[in-house]
Amino acid sequence: ISRISGMVEKMCTEYGDKVGEYQEPSYHAFPDLVSISKPNVEQKLRKLGFGYRGKYIQQSAKYIIDKGGRDWLLNLRNLSYI
């Protein structure tokens, strides 16, 4: 869990908007789809320690955007499981 938390923190720091600071560290929001869907994101995430996951994060964000973005993703909640 700590490894995953660290990876998410790195991604937020690299691609998320800064939301504030408290006693030295700065805090960043989770990145939006557009910022993590760009082609160069995979290589940067690999350098940040994501390994093979960098490819899937970038591709997943691009796929969601291509399908209709946040609205499409949220609409999946309304689909039947059958």
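**A walk through the model**

Author: I4, V8 and F30 together make a nonpolar surface patch of about 300 Å². A patch takes residues with over 30% relative accessible area and no salt bridge, joining like charges within 9 Å and nonpolar side chains (Val, Leu, Ile, Met, Phe, Trp, Tyr) within 5 Å. Areas come from the Shrake-Rupley method with a 1.4 Å probe, and for residues only the protein chains shown count as cover; a salt bridge is a side-chain nitrogen of Lys or Arg within 4 Å of a carboxyl oxygen of Asp or Glu. This is a predicted model, where local features need pLDDT of at least 70 and side-chain atom pairs 80 or more, while totals for chains, interfaces and linings use all residues. Residues are numbered from 1 along each chain as its sequence is written, and side-chain values use heavy atoms, leaving out hydrogens and water.

Reader: Is F30 buried or exposed?

Author: F30 sits in the loop between β2 (26–28) and α2 (33–37); helices (H or I, at least four residues) and strands (E, at least two) are DSSP runs numbered from the N terminus. Buried means under 20% relative accessible area, exposed over 50%, and partly exposed in between (1.4 Å probe, protein chains only). F30 has 53% relative accessibility, so it counts as exposed.

Reader: Where is Q23, and what is its phi?

Author: Look in the loop between β1 (18–21) and β2 for Q23. At 63% relative accessibility, Q23 counts as exposed. Q23 isn't a glycine, yet its phi is positive, near 50°.

Reader: And what about the phi of E24?

Author: E24 is also in the loop between β1 and β2, and with 70% relative accessibility it counts as exposed. E24 is not a glycine either, but its phi is positive, at about 95°.

Reader: How are α1 and α3 oriented to each other?

Author: Helix α1 (residues 2–15) packs with helix α3 (residues 41–50) at about 135°, their axes 10 Å apart. Axes are lines fitted to C-alpha atoms, for helices over the stretch in contact, with angles from 0 to 180 degrees between N-to-C directions. Under 35 degrees is roughly parallel, over 145 roughly antiparallel, 65 to 115 roughly perpendicular and the rest oblique. So α1 and α3 are oblique.

Reader: Zooming out, what pattern does the chain follow?

Author: Of its 82 residues, 23% count as buried. The secondary structure comes to 5 helices and 2 strands. Along the sequence, the pattern is α-β-β-α-α-α-α.
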